[in-house]
Amino acid sequence: MNSADLIVPKVKNYIEGRFLDGDFQVMEVISPIDGSTISSAPLSNRAALDEAVQSCKAALPDWSGKTIKERVQVFFKFRQLLEANIDELSTIIQLENGKTFGEAKAEVLKGIELCEFACSLPQILNDEILEVSRGVECRTSHVPVGIVAAITPFNFPLMVPMWSIPNAIALGNCMILKPSEQVPLSAQKIAALFKEAGLPDGVFNIVNGDRLIVEAICDHPDIEAISFVGSTRVAKIVYQRASANLKRCLGLGGAKNHLIVLSDANPDISAANIAASMSGCAGQRCMAASAMVAVGKVDHIVQHICDEARKIVPGQNLGAVISKEAKERIEGYITEAENLGAKILLDGRNATVEGKNSGFYVGPTVIDHVTPDMKIAQEEVFGPVLAIMRTDDIDEAIRIENNSNYGNASSVFTQNGGLAKYVTERVSAGMVGVNIGVPVPREPFSFGGWNESRFGVGDITGKSSIHFWTKLKKTTTKWNPEAWTDWMS
Ligand code: NAD
């Protein structure tokens with residue numbers, strides 16, 4: 001099948017189990033690979049959201065009334081369908097996001113793993129029961145929250161929606177997804193596969209759009225909970241607006257991940273991991289290595305990182321960044337650092353790919369002697385760029401990490417267990433690694449950062465998500481005569 005055949009020419013909303021046409025303004029969907037227009041996405045209005053909410057409302061009593069064992073059956077089937085359609089899904093992700101086919105495939109595999117976690121929920125969701133006084137029993141039950149929404153970013157068109165959809169739905173909620181308007185195509189396929197898997201109509205809906213529809217979700221009186229993943233700027237807006245409307249909200253934001261590299265680190269392992277972390281998905285991962293703090297004599301490792309990074313070639317094993325604006329923003333950070341005296345060891349500006357001249361490419365970039373006061377040291381660049389800061393003092397390295405507003409991930413590279421522990425205990429990040437460039441906790445461990453990388457309580461995946469997508473009911477019963485005491489009568 002030709003990859004163009006996989007792309008729907010017109011993205012639609014998915015409501016009540018049907019893809020619907022609507023009279024909306026549209027936005028072009030542009031493939032970062034070559035800058036071509038591949039589809040158009042509707043910028044829906046509040047009426048479309050209302051329709052989706054009504055569809056959830058109609059489906060909720062039946063869906064939430066099923067046992068969790070019944071509900072997860074859909075996800076066993078859905079998981080099979082993800083696997084059977086992996087090449088098609090990967091091609092769609094690659095076309096709309098610009099990452100390499102291998103990265104897109106890894107994204108779908110991660111989506112499958114998230115689905116498997118949802119399938120395991122009946123084994124994990126052990127409600128408690130205890131005889132709290134003779135003949136008096138207390139039990140807990142996890143009750144669905146109701147109608148919920150997920151708002152997602154451009155960098156993982158399938159995986160990030162899958163952080164929320166399977167767990168929320170398996171736990172008995174009905175969901176509305178608002179995908180990124182830059183990458184709305186994967187979600188169309190997700191909806192089609194849910195239909196094929198037998199998910200009842202109305203349990204999962206998609207409303208496409210931009211800021212307006214996000215605001216409408218935050219304001220809608222019938223939506224009880226919102227998971228948001230995106231930039232810190234928007235996470236703050238969504239968290240504040242949803243909370244002001246008395247909804248529960250979990251808002252995952254941006255990142256500035258620090259890798260602390262000690263002089264005894266294994267040069268091969270460190271260089272390979274750091275180069276892969278800073279350049280994977282063109283640096284557009286919230287777990288990407290962005291700032292490296294080199295402690296002591298590490299020139300040989302820096303050299304090694306550059307050697308590894310030189311093997312990463314745009315259009316081959318390095319994908320595109322999402323847009324022309326993103327390319328300009330990333331290159332602007334590099335130029336500003338250079339003007340302030342940082343040393344560019346490897347320069348990815350003005351990268352082009354033959355035959356894809358209108359694509360948005362930035363080559364791997366390594367910048368040495370960055371100082372903590374520079375913008376490139378503080379702000380999220382979200383491109384294949386590593387900013388290296390130097391210090392001789394491990395505590396100073398930790399201070400630099402701690403001073404970041406963000407707190408998604410941090411890693412230390414060393415062969416000394418004691419020093420690794422010293423650093424991991426002191427960095428201020430939710431996900432921490434030792435000799436790992438991208439310390440993503442795999443299922444069943446949960447995903448979530450600290451500080452301005454996460455607003456709200458708990459993590460978005462794993463067991464933590466159970467608390468977010470359910471409310472706990474505590475029921476106390478007494479039936480037998482021996483319980484007819486005056487205990488809390
Ligand atoms: P973004 O914040 O621009 O957009 C995210 C979502 O918010 C989209 O659906 C978009 O339509 C909507 N949106 C955009 N502007 C809005 C506004 N003013 N008001 C209301 N809604 C608005 O993020 P992005 O550029 O799509 O994604 C990249 C960002 O996401 C990076 O900062 C990255 O670190 C972050 N991210 C974080 C995690 C994490 O786990 N912490 C994971 C993936 C991506």
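**Domain interface and ligand site**

1. Zero salt bridges are counted between domain 1 and domain 2, a salt bridge being a side-chain nitrogen of Lys or Arg within 4 Å of a carboxyl oxygen of Asp or Glu. The model is predicted: local features need pLDDT of at least 70, side-chain atom pairs count only at pLDDT 80 or more, and totals for chains, interfaces and linings use all residues. Residues are numbered from 1 along each chain as its sequence is written, and side-chain values use heavy atoms, with hydrogens and water left out.

2. Domain 1 comprises 3-254 + 449-473 and domain 2 comprises 257-434, with bounds from an automatic or database domain assignment. Their C-alpha centres are 31 Å apart. To the contact (heavy atoms within 4.5 Å), domain 1 contributes 24 residues and domain 2 contributes 29 residues.

3. About 2,000 Å² is buried between domain 1 and domain 2, 61% of it from carbon and sulfur atoms; buried area is the accessible area (1.4 Å probe) that two parts lose on being put together, summed over both. Of the area that domain 1 buries against domain 2, 23% comes from Pro32, Phe154 and Trp450, more than from any other three residues.

4. The ligand is surrounded by 27 residues (a heavy atom within 4 Å), the closest being Lys178, Glu181, Ser231, Gly253 and Glu380. A polar side-chain atom of Glu380 lies 2.6 Å from a ligand oxygen atom, and a backbone N or O atom of Gly253 lies 2.7 Å from a ligand nitrogen atom.

Conventions: A polar contact is a pair of N or O atoms within 3.5 Å; within protein, one must be able to donate a hydrogen and the other to accept it, and residues adjacent in sequence count only if both atoms are side-chain atoms.
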